[in-house]
Amino acid sequence: LVGFEKIVIYVLYGKKLCVKCVKDIVSCMINGESAKKIDGLQLSNNTVSSRIKDLSTDMEAQLINRLKLCSEYVLQMDESTDIAGLAVLLVFARYVHNTSIEKDLLMCEYLLEKTTGEDIFNYINNYITKHEIEWKKCTDI
């Protein structure tokens, strides 16, 4: 139940209604004994927050590793604004993984300064350089 426990913790956010629903699902799909183990899960805000952060870090590391291993990738950028009117830069990466083309969110950054092309490039370049992803593999933007 360890893997299932992680999934539950990542999704629940500690709400009792969710716990009841998950127990019902586990009871139907696995068995009643496994459903009883749901009661023992740590669901404090700190625990859930920590696990979500760990999951996020792991997902980012997997994506960066995939970009390092692939033969080429392309970047797609979009600028949006949040509810406070701040500019947000979204950068998506497309790459071949196994036999399919994947598209993942590579980075999401607030543009605190100007939103010129040079500023946007600097944000992306800093990220690419920090994570040691090769620019020469980038075939299109």
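Student: Why does Leu-63 count as buried?
Tutor: Because its relative accessibility is 8%, and buried means under 20% relative accessible area, with exposed over 50% and partly exposed in between (1.4 Å probe, protein chains only).

Student: What kind of model is this?
Tutor: This is a predicted model, in which local features need pLDDT of at least 70 and side-chain atom pairs count only at pLDDT 80 or more, while totals for chains, interfaces and linings use all residues. Residues are numbered from 1 along each chain as its sequence is written, and side-chain values use heavy atoms, with hydrogens and water left out.

Student: Where is Leu-63 found?
Tutor: In helix H4, residues 45-69. Helices (H or I, at least four residues) and strands (E, at least two) are DSSP runs, numbered from the N terminus.

Student: Which residues is Leu-63 in contact with, leaving aside neighbours within four places in sequence?
Tutor: Tyr-95, Asp-104, Leu-105 and Leu-106. Contact means heavy atoms within 4.5 Å. For Asp-104, 41 residues from Leu-63 along the chain, the separation between the two C-alpha atoms is 7.7 Å.

Student: OK, overall layout. How many helices and strands are there?
Tutor: The protein has 5 helices and 4 strands, following the pattern α-α-α-α-β-β-β-α-β along the sequence. Of its 141 residues, 27% are buried. Among contacts with a separation of 6 or more, 47% come from residues 24 or more positions apart.

Student: What is the strand order in the sheet?
Tutor: S3-S2-S1-S4, in an open sheet of 4 strands with mixed pairing. Two strands pair if DSSP finds at least two bridges between them.

Student: Which strands stand at the edges?
Tutor: S3 (100-110) and S4 (138-140); each has a single partner strand, so one side of each is left without a neighbour in the sheet. Neighbouring strands are turned by 35° against each other on average, direction ignored. Axes here are lines fitted to C-alpha atoms, for helices over the stretch in contact, and angles run from 0 to 180 degrees between N-to-C directions.

Student: In what sense do S2 and S3 pair?
Tutor: Antiparallel, over 10 bridges, with S2 covering residues 87-97. Arg-94 has Lys-103 in S3 as its bridge partner, and Val-88 has Tyr-110. The hairpin of S2 and S3 has 2 residues between the strands, and Asn-98 takes a positive phi near 60° there.

Student: Switching to H5. Which strands does H5 lie across?
Tutor: S1 (73-81), S2 and S3, and H5 runs at about 115° to S3.

Student: How many residues does H5 have, and what is its reach?
Tutor: H5 (residues 117-130) has 14 residues and reaches 20 Å from its first C-alpha to its last, close to the expected 20 Å. The expected span is 1.5 Å times one less than the number of residues. Just after H5, Glu-132 has a positive phi of about 55°.

Student: Which H5 residues are buried?
Tutor: Asp-119, Ile-120, Tyr-123, Ile-124, Tyr-127 and Ile-128. On the spacing, an α-helix has 3.6 residues a turn, so residues three or four places apart point the same way.

Student: Why is Asp-119 on that list?
Tutor: Because its relative accessible area is 11%. Apart from neighbours within four places in sequence, Asp-119 is in contact with Glu-113 and Lys-114.
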